[in-house]
Amino acid sequence: MKILPIGVRGSYPMPSQATSCYLVSSDGADVVLDLGSGALIGLTNHIDISAVSAFVITHLHYDHCADALALAHFPGTRTIYSPSSPSERFSLLKNRRNFDVRVLAQGLDFRIGGTEFSFFRTEHSPECYGVRAADKSGVFVYTADTAWFDRLPEVCEGADVVFADCAGFGKPHMTPADGAKLKKLTGADVYATHFMPGIDLKAVAAAGLKLAEAGTPVYIRR
């Protein structure tokens, strides 16, 4: 499995730095997790949009979904998974004729190629879902936006790599200390993501975490 960060910033993009977007490629599947501000430009540098199997929008904050509005103008039909709330933002996706929109929910799972995708509710508002992707090479978890919650180690159990929202300042996000705790409890290789404005990256490094970097792929091989 290959995980390619396209955008790792939170809140708003910076020059040449998009907000949340990750391309997960494995056996017969190319799935995009989130499509934040500025992400579509970076994504098209790595893959033809027509080759993407599905787009997953973990929640409807604009730093995770803004470029889905531009995606609607690309030719062809796209499969989009998204929470149904907030309803006014969901309608912007649902009402696009070339979007096949499917609703995310706790416990939803589906298979694309040889990869099983499953979803879990996170501790965040608005409604937000983390993603677990498993294939013959291993297991990847993307926490999406979340504060620490008690079931997080459980849903990350057995993961080889976790991209965790732990580069923030705490609620409604995790801290680097939370990321270190998750690493200790699960044994997973934890990469900090969602770099908020003004974040001190030294704190992330001091917590023993790796940094997810746009354009730098992470591979899972067992």
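Helices (H or I, at least four residues) and strands (E, at least two) are taken here as DSSP runs, numbered from the N terminus, and the structure shown in these views is a predicted model.

**View 1. The cis peptide bond between Ser 125 and Pro 126.** Here omega is near 10°, and Pro 126 belongs to the loop between β8 (115–121) and β9 (129–135).

**View 2. The lining of the largest cavity.** One cavity of 30 Å³ or more is counted in the model, and the largest cavity has a volume of about 60 Å³. Its lining is made up of Leu 60, Tyr 62, Cys 65, Ala 66, Leu 69, Arg 89, Leu 92 and Leu 93, of which seven are classed as nonpolar, one as charged and none as polar. At least two lining residues come from each of α2 (62–65) and α4 (87–94), with α4 giving the largest share, three residues.

**View 3. Ser 11, a residue other than glycine with positive phi.** In the loop between β1 (2–7) and β2 (21–26), Ser 11 adopts a phi near 75°. Ser 11 counts as partly exposed because its relative accessibility is 38%, a value between the cut-offs of 20% and 50%.

**View 4. Ala 144, with a positive phi in a residue other than glycine.** Ala 144 has phi near 55° and sits in the loop between β10 (138–142) and α5 (152–155). With a relative accessibility of 2%, Ala 144 counts as buried, since buried means under 20%.

Notes
Residues numbered from 1 in each chain as written. Predicted model: local features only at pLDDT ≥ 70, side-chain atom pairs only at ≥ 80, totals over all residues. Heavy atoms only, no water. 1 Å grid on protein atoms, 1.4 Å probe; cavity = no way out; pocket = protein on both sides within 12 Å on 5 of 7 lines; lining within 4 Å. Points joined across faces, edges and corners; volume = space filled by probe spheres on them. Nonpolar A, V, L, I, M, F, W, Y, C, P; charged D, E, K, R; others polar. Buried < 20%, exposed > 50% of the residue type's maximum accessible area, 1.4 Å probe, protein only.
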